[in-house]
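Me: I am new to this structure. Please show me how to read its features, one at a time.

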Amino acid sequence: MENKPESGKQYALTGGSGEACIANGNSWAESEVPFVPGNIIKDLGGEHVIIGMGSCGLCNRRLYGYEDCPYPDPRGALGDNTASVFVSEDYNMEGPDVTVCWDCSNNNGAETYNLALSLAKNQWESKVQS
Ligand SMILES: [Zn+2]
């Protein structure tokens, strides 16, 4: 695959440390910005304002949601870039929410789902019984 920008697509030229962008040495494909936070998009249930939801802890894909619905239906306009969240409470643990892409949490079968869950659990602590 050729490493060059395609017309009509947006790319991140700069970014923070660890973020996929040209300045950090990522390829054009890796630096593509598929959705722009603040833009309005038509999706299931009408129009929504796009918000950034960080990036997938496994594949580094950029994650998005809507201002009125941070975790929308992945069959909608955001597709595989829909954020999917692991909440520590669901596993009787304590820690920050861990977001991964819909693809990693669902579409690749148990392998990436289990990876995503162990990634999350590594950041959590068991609840202390009081
Ligand atoms: Zn992913």
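The dialogue below takes up the sheet, then a helix, then a single residue.

Me: What kind of model is this, and how are residues numbered?

Reply: This is a predicted model: local features need pLDDT of at least 70, side-chain atom pairs count only at pLDDT 80 or more, and totals for chains, interfaces and linings use all residues. Residues are numbered from 1 along each chain as its sequence is written.

Me: How do I read a sheet? In what order do the strands lie?

Reply: Strands of a sheet pair through backbone hydrogen bonds, either parallel or antiparallel. Strands here are DSSP runs (E, at least two residues), and helices are runs of H or I with at least four, both numbered from the N terminus. Two strands pair if DSSP finds at least two bridges between them. In this model, three strands form an open sheet, ordered S1-S2-S3, with antiparallel pairing. Strand S1 (40-43) and strand S3 (62-66) are the edges, each pairing on one side only. From one strand to the next, the twist averages 50 degrees. The axes are lines fitted to C-alpha atoms, for helices over the stretch in contact, and angles run from 0 to 180 degrees between N-to-C directions.

Me: How many bridges join S2 to S3?

Reply: Four bridges join strand S2 (residues 46-55) to S3. Ile51 pairs with Gly65 in S3, and Ser55 stands opposite Arg62. This hairpin has six residues between its strands, and Asn60 in the turn has a positive phi of about 70 degrees.

Me: Now a helix. Which residues of H2 are buried?

Reply: An α-helix has 3.6 residues a turn, so residues three or four places apart point the same way. Buried means 20 or more other C-beta atoms within 10 Å of a residue's own; exposed means 12 or fewer; partly exposed lies in between, with C-beta atoms placed from the backbone. In H2, Thr112, Ala116 and Ala120 are buried. Seen down the axis, the buried residues fall within an arc of 80 degrees (taken from the directions from the helix axis to the C-beta atoms), so they line one face of H2. The face turned away carries exposed residues, among them Glu111 and Ser118.

Me: Is Ser17 buried or exposed?

Reply: Ser17 counts as exposed because it has 5 C-beta neighbours inside 10 Å. Ser17 lies in the segment before S1.
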